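Please read it alongside the sequence and the coordinates.

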Amino acid sequence: MSKKIWNVGIIGLGGIGDSHMNNLLKVANTRVAAICDVNTQAVEQVGDRLNLAADKRYSHYKELISDADVDFVISGVSNKYHADILKCAIEFSKPIVSEKPFTRTMEEADELLALYEKNPIPCMIGFSYRYRPCFQYVKELLEQGALGQIRHIAAHYLQEENAPMFNHEYTWRFNKEIAGTGILADIGSHMVDAARFFVGEFTKVAGMMSTFIDHRVDPRTNQPVKVDVDDFAGFQCELAGGVMGTFYTHKNAIGTNNQFNITLFGDLGTVRISVEKPNEVHLSVRDGENLELIDKIVHLESGNRKLMLQDFVDSLENNSNSYFFPTFMDGYRNQQVMQMIIDSSRDGVARSN
């Protein structure tokens, strides 16, 4: 283990920020050295809890990113600021872990790519499911060819919180100017990443997007506000090697919690995983002269799997990325695919360039 202690700056002190700080407790050679949020009360409360000096409590992200004492940054803010914070990190050559989606729009993504190519920095995009034991086990199966030629990947990501009975209030996630897209960027981006992680690049996409509930009540005014983003996204696609894909996502699914399920169909077998059971892999194969069907559940140990933030620190120390590491370019390609889905939902089938 490195003797260096990595000083970490946290931008965004909401739920994601708390999650990252809790995960940092599991990475021995790190400490939270600075924090930033537009909510000054939150900054003071968290700063007091962490015993941070007054000059390490920021209200603007540029001040934190430019702090020479901060070794790397973790950003967990609303989508509107993803591009600006990444741009600032590139400007100051500051390593960064940034939440997904990469940006709101392809225009923002293209601008970032041009800057990154001139000054590449260590950058991880928050596709955290790559670090679930079931994801890594299936990736290893695929690399070994254990399932044979993959023909089809199917996935759905469902939650229930936006169903009408819950009267979910209007938040920034329902605002196109802040979020870019709705459910597609929120949790659909994880499906896109899973497909790229397991199979490869998208070549064709046919998507459909819809808004189930077109107005929600703003808690500040108690008045209904128009929802101008999707709360359903579904798409079929062709991936590298002619693999077909089928995907859908929404948060109107009564009885689901965080149901992200993926199935891969290969010539030699089928594998199924669910993030709600991260240490289980369902495997179906046929064996013997009579091709007898064998169904089994592989139970995985999570202790020997590397944590996402540990992987980032290790990449800084070793100057190399692991096979699972979600890079800047993974974020950029993800944004490209989401744009294909958006375009095809409006115009028909979209093809990669």
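## The β15–β16 hairpin

In this predicted model, G288 adopts a positive phi near 80° in the hairpin of β15 and β16, where 4 residues lie between the strands. Strand β15 covers residues 280-287 and strand β16 covers residues 292-299; the two pair in the antiparallel sense over 8 bridges. Within this pairing, V281 has V298 of β16 as its bridge partner.

## Nonpolar cores

The largest nonpolar core comprises 69 residues, of which I10, F135, I153, F198, F202, F260 and I262 touch the most other members. The greatest contribution to this core is that of helix α8 (residues 183-198), which supplies 10 residues.

The surroundings of F202 can be described in detail. With neighbours within four places in sequence set aside, F202 is in contact with V192, A195, R196, F235, C237, E238, L239, V337 and S352.

## Aromatic pairs around F260

Across the whole structure, a search finds 20 aromatic pairs. One of them joins Y129 and F260 in an edge-to-face arrangement, at 5.3 Å centre to centre and with 70° between the planes. This pair links distant parts of the chain: Y129 belongs to the loop between β6 (123-125) and α6 (133-144), whereas F260 belongs to strand β13 (residues 259-266), 131 residues apart. Y129 has a relative accessibility of 8% and therefore counts as buried; F260, at 1%, likewise counts as buried.

F260 also pairs with Y157. The ring centres of Y157 and F260 are 4.6 Å apart and their planes lie at 5°, so this pair is stacked, the cut-off for stacking being under 30 degrees. Here too the pair links distant parts of the chain, with Y157 in strand β7 (residues 150-158) and F260 in strand β13, 103 residues apart. Y157 is buried because its relative accessible area is 3%, which falls under the 20% limit.

Ring pairs extend beyond these residues: a cluster linked in this way contains Y129, F135, Y157, F197, F198, F260, Y323 and F324. Of these, F135, F198 and F260 are also listed among the residues that touch the most other members of the largest core.

## Lysines over aromatic rings

Two lysines are placed over rings. K139 lies over the face of F197, at 4.9 Å from the ring centre; F197 itself is part of the ring cluster. The charged end of K4 sits over the ring of W6, 4.7 Å from its centre.

Key:
Residues are numbered from 1 along each chain as its sequence is written. This is a predicted model: local features need pLDDT of at least 70, side-chain atom pairs count only at pLDDT 80 or more; totals for chains, interfaces and linings use all residues. Side-chain values use heavy atoms; hydrogens and water are left out. Two strands pair if DSSP finds at least two bridges between them. A nonpolar core is a set of buried Ala, Val, Leu, Ile, Met, Phe, Trp, Tyr and Cys residues joined through side-chain atoms within 4.5 Å. Buried means under 20% relative accessible area, exposed over 50%, partly exposed in between (1.4 Å probe, protein chains only). Contact means heavy atoms within 4.5 Å. Rings of Phe, Tyr and Trp (its six-membered ring) pair if their centres lie within 6.5 Å; planes under 30 degrees apart count as stacked, over 60 as edge-to-face and the rest as tilted. A charge sits over a ring if NZ of Lys or CZ of Arg is within 6 Å of the ring centre and within 35 degrees of the ring normal.
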